Amino acid sequence: MESTNKRYWRGLEELRNDESFVKNAYKEFPEANSDKSSTESGSIVDGIGSDRRDFLKVLGFGMAAVTLAACDTPVHRAIPYINKPESTFPGIADYYASTYSEGGDYIPVLVKTREGRPIKIEGNTSSTITKGGTSARVQASVLSLYDNDKLKGPKRGDADSDWATIDKEILGQLQRGGAIRIVSSTLLSPSTKSVIAAFIAKYPTATHIQYDANSVSGLVQANQTSFGQAVIPSYDFSKAKTIVSVGADFLGSWIAPLEYTDQYISTRKVGANAGNKKEMSRHYQFETGLSMTGSNADYRSPIKPSQEGLVVAALYNKVAAKLGGAPVSTAAVDVPYLDKAAADLASARGAALVVSGSNDPNVQVLVNALNNLLGSYGVTIDLSRPVNYRQGNDAAMNAFITDAKAGRIQGAIFYAANPVYDHPRGAELKEALPKIGLSVSFADRSDETASLCKYTCPASHYLESWDDASPKAGFYSLTQPTINTIFKTRQPQVSLLTWAGLSPNYENFIKNYWRTSIYPQAGSGLPFDQFWIQSLHNGVLEVNAAVAGAAGAFKPESVAAAVAGVAQKYKPNATGFELSLYEKVSIGTGAMANNPWLQELPDPVSKACWDNYACLSQKTATELGVEQFDLVSVEVTGKPAVELPVLVQPGQADGTVSIAIGYGREKAGKSADGIGKNVYPLASVSANSLLFSAMDVKITKASGSRTIAQTQTHDTVMGRRAVIQETILAAYKKDPKAGRYFPKVVTSEGPVSPTDISLWKGYEKTNHSWGMIIDLNSCTGCAACVVSCQAENNIPVVGRQEVINRREMHWIRIDRYYSSDAEAEDRKGLEIASNNPEVVFQPMLCQHCSNAPCETVCPVLATTHSAEGLNQMTYNRCVGTRYCANNCPYKVRRFNWFKYFDNDNFDYHYNNDLGKMVINPDVTVRSRGVIEKCSFCVQRIQEGKLTAKKERRRPKPDEIQVACAQACPTGGIIFGDMNDPESTISKLLKEENEARAFQVLEEINVRPQISYLTKIRNKDEEAKPVAAAAGHAE
Amino acid sequence: MHTDFIGFSLIKMYSRSVISTLVIVLIALFSSYQSVAQEAAAAGGDAAKGKELFSTLCQQCHAVTDEKVIGPGLKGIKSRRDEAWLIKWIKNPQAVISSGDAYATALYAKYQPLVMQSFPDLSDDDIRNILAHVEAAGAPAPVATAAPGGTAQAAAPASESPSGLFTAVLVALLVVMLLVLGVLLVLVSVLSKAVAPTPGTEGTQSTPFFQRLKSNLSAVASNSTLRSIVLWLFVFVVTKQTFDGLYSVGVSQGYAPKQPIAFSHKLHAGQYQINCNYCHTSVYKGKLATIPSANICMNCHGEIKRESPEIQKIYKAIEEDRPVEWVRVHNLPDLAYFNHAQHTNVGQVQCQTCHGEIEKMEVVEQRSSLTMGWCIDCHRKTEVATKDNAYYDKLVALHKKGSKEPLRVANIGGLECSKCHY
């Protein structure tokens, strides 16, 4: 019951009860064109502002069209294969194992193809690293395959060319020699590295430089200093009892978020979902902006970037005081929860983990010292199995740009790299590039770097390519093409092999590499050809025997220099404004920015899409005299100022501004160009590393404002309270029902549970009863489910203006609620709480109510109930009254205001023939004027049932999976047949029905098929007095 | 909007004569829809199993008679060769030939360069079943005209238009009634002279016959009852026509477009009894039955009738690597999801139930209306093929508790929207 005393709010406008919020909250459908800056014109085409004449025109045209259409049946063609591949059947999907490894992100996948077109990505469950999990970006990657803004063939300067000519010219120039640099982002592929080695063997003046736009080069350097090993170790969050992160967004963007998410959540799950475990890890986060990781933390403190080093030092000192270590001398820093974190770390010695997102080697050396003190090495950190995810070397890249400026480089080849855009010194490189005799880019489009290069040799998409990957020693996986190249593109490896004078067959090259290097380790006992087919079929190969070299011993002498560096650089109480750059889970480094699915994916925390912005705390904003959406000018000394709209972000450290990288592309394509501002140049460059923060920043109010497309307060919960139910671990241990809210309805026989009374007869679900459980403890907010659903169900992208108009189309959204223990009436307490609120994520989708309010109000029976518990939506019957959306308590119904797939105003890949190839042929493309919503992936249910029927059996437990559940990297969404006693959902519900399982808005008795499991925070009981006081007040 | 409904119905009306319109109205009042009785094939024993295998695997090349198709006719095969040899041969003909077997070598010499396909997956029993079928079918019993698909079935699909005879009778009735009306009018006119009061003077002219007829007609025409009957009848007809016209939008029953190649189902499926599944390879597997690719045609036409100009078109398609663009006959709207496997494999519905007597069609025609009403109607009437399908066991048991009727598709959610629309 405590939880209901908490006040939840979705944005400051709700907390403050702004006029605009109140107005919107009671208005389901906003007026069209309320914003005059709308790009839509009031014409007949988009259906806005039609007048009588337009009406008559439409009427006349309609009559003519109907008459004509009635005269003749349009002729449809049925075109068979000439020579049908034996195992392919039109209408039946084929799955191929492959691997997504872009920019160091590594995710083994299964690619679903229909009629030869890849249409969906699923995680590969054979991988022990990702365990079938996916991220939003990998889910969206299939849309990038059908991006019409990509190059259609090789280019010389701005002119189209052909491969033969280009090869000849480039060969000629390469043979002239001189310093050649291959500049790439992190390459996970050992075969590609071997190709580059072969190229370098042919041209000995060439060297290979790797750099990462989201560099962790400082960590590598620190490990070199501390252990003599320039590597990134394997982290194992699953073994940690206390986790402290200083600015590392390890669930969202730091090194290998997908791998860490799975490990981390395994320590956060409790109850039947985790084998009746009742223990949780405790997670502290010290960071500047409110990150997704910070939102999941039990205790979080906002700190300024200038305090980062001191926070680590202070933690070290406090832990050392407990465990007996030599303290280091740095300035003391006053940050909440430092003592508590240190105490928990010390008591969890041997099962603790401290990570830092800083790219300052000195800070990382201190983190190493702290982890060493805590005995983390060998338990939660494994130096003997380094990972390859980020191999970038900031120093080498720095040297390259300096050399290029000085004219010392004769040839530059950019491989999956766009440094002009995503390197802080991009502007310098931009000026230097024309001086380089031979510049080649393998970019798939004329991006910021490629457009300055003499040659662009467009790379194929990974779904069109052969490749392999090795995320760490002993782990291998393969990428295989699932479609022929759509355009005249060529894999970079083929180009490099060609220029090195070798056979350009990269498939054979990989095969030979595997034969000589990997097959002998594998010891599979199969002949190589069979081994190869098997590896290709499985997608991943994990060689257990192979354990890499020994871990180096910690060098205590390395600490002193680092402490000096930290003491010199970091200040406990700096007063100026400071900048922190962060990476969003959607756009990432910006390489995939031209992907409308990612652009429209709301940020987990700010719920903003289609923009980057300056996050300021309320206090800082008030001091600056700016409000939400006002433009501010952010200026880092010595760098050009950037103008961005303000987003007042609860949890942001006072006196700081956070801005996302990955925006402000200029040459990425229609969906990305001009969206947001490029803030890479604001990062600080030192000789050896990049720092994604700056300490001397000027923020001034600029004129004008820009509305940010934010989805958080679009729907109203009408003041209903029991949406989120949560508790703390101690309370849960005492009573598994802790935090649950049991509403009562007053009847003539006294108060009863709402579910005891009903107007309706209910539905007999004799065959299946499809249901879902969503574990609020497992949801990190990563949004993979949102994009997965979008891909599976042909959900259109509506664009920034339409999101501002509150017309986004996502069938599943992740509601982010801020909360605090302060009493609802305690305005002052709430103000303070809003500076650093608790956060909870709640995936919200159609609840498939058994007493569905939407069904009873539909005048045309377009939404009805099925005998399997589904709330069905029949588009062809819908006439668009929107009564259902109005009556839906969960606000999950979406209206098609436009014919998004056939309207040039919505140029988001779906309106051209190429982009339409991503459409799932089993799901209707909705037309204008109809409502749509989550169908529980009924196409998958039907397909699964048919498979079972064809095999004359019942569906196996958990055989049928919906897109969101399949995409979820933590198993937080559990879908299944509640009538099947063997299914996970049935087993779980049996245990949790009397414990954590609750239904949202139980008091209105709509009886959803979806249950949620209460959120449990590993907080101490201290937090209770406030809640207890509130309880008394009630 | 109303105007274009009327306009549309007028266009539709133009195409039909007034009489037939009237007739259709009358029919609509009396007609009822007929249903097809599903007759499961009564079969058992080895020969029945063999027949199924024969039709999928052997029939493309062998007849059960003496006739040579691609390979030799199989009549009396068991008397020609012993069973052990046949099993060996069918499993791997190449091996028997290379073993130097005299009969096999002779066969090879005769049919060179064709060698029979090997069937290593067939069990000995399968082969015995096939042979039993060949024996039975080749026996001098009257040749059974079995429908392709392996099951004998009287495929008489529901006909939604009234029979020709019924129409003729109704037209005749109408004509007779009109004649009677005319005769009566004439009679009245003739008799009215006799009834008319005669003033007795010869000079007064009696009204002439035609004038009397005319006045009688106008009397009839001014009869308010009759006028309102005619008026209401007219309104009824127009309304009925409007709705019929609207309901027929997008319905192309009887659509039989000319195809790029004059392929005859009558010949292939009817005369040669090639199993539907042989060409429409995924009809039991997936959503689409699929139009056969050119390489499937080549399985037989690599040898047979190579010189035919129609078959030359396939050769040309292969040479030019340009697929044959068939005209699609059965077009469901995109908003309706239909899966062949659900109906053919799980539901065990015969192809002819929806496609009509395809084995008698020279040019494929859309026999069923493919409207939602037609689908729903069948879902209401059709019993679920629950036999030997564990998926349905629990459902059948539950259904039996509450009802004596057999389990029909409608009972298990076959009328729910999201079964076809998503």
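Reader: Which residues of α9(B) meet which residues of α10(B)?

Author: In this predicted model, B:L185, B:V186, B:V188, B:S189, B:S192 and B:K193 of α9(B) meet B:F209, B:R212, B:L213, B:N216 and B:L217 of α10(B). By class, this contact has six nonpolar, three polar and two charged residues.

Reader: Why is α9(B) called oblique to α10(B)?

Author: Helix α9 (residues 164–195) of chain B packs against helix α10 (residues 209–221) of chain B at an angle of about 120 degrees, and their axes are 9 Å apart. Roughly perpendicular covers 65 to 115 degrees and roughly antiparallel begins over 145; the angle therefore makes α9(B) oblique to α10(B). The crossing in which α9(B) passes α10(B) is right-handed.

Reader: How many residues does each chain give to the contact, and what is the class make-up of the side of chain B that touches chain A?

Author: Chain B gives 51 residues and chain A gives 43 residues. Among the elements that give two or more residues to the side of chain B are α1 (2–14), α15 (309–320) and β1 (326–327). That side of chain B comprises 26 nonpolar, 16 polar and nine charged residues.

Notes
Residues are numbered from 1 along each chain as its sequence is written. Chains are lettered from A and ligands numbered from 1 in the order in which they are written. This is a predicted model: local features need pLDDT of at least 70, side-chain atom pairs count only at pLDDT 80 or more; totals for chains, interfaces and linings use all residues. Two residues are in contact if their C-beta atoms, placed from the backbone, lie within 7 Å. Helices (H or I, at least four residues) and strands (E, at least two) are DSSP runs, numbered from the N terminus. Ala, Val, Leu, Ile, Met, Phe, Trp, Tyr, Cys and Pro count as nonpolar, Asp, Glu, Lys and Arg as charged, and the others, Gly among them, as polar. Axes are lines fitted to C-alpha atoms, for helices over the stretch in contact, and angles run from 0 to 180 degrees between N-to-C directions. Angles under 35 degrees count as roughly parallel, over 145 as roughly antiparallel, 65 to 115 as roughly perpendicular and the rest as oblique. A crossing is left-handed if the near helix is turned anticlockwise from the far one by less than a right angle, and right-handed if clockwise.
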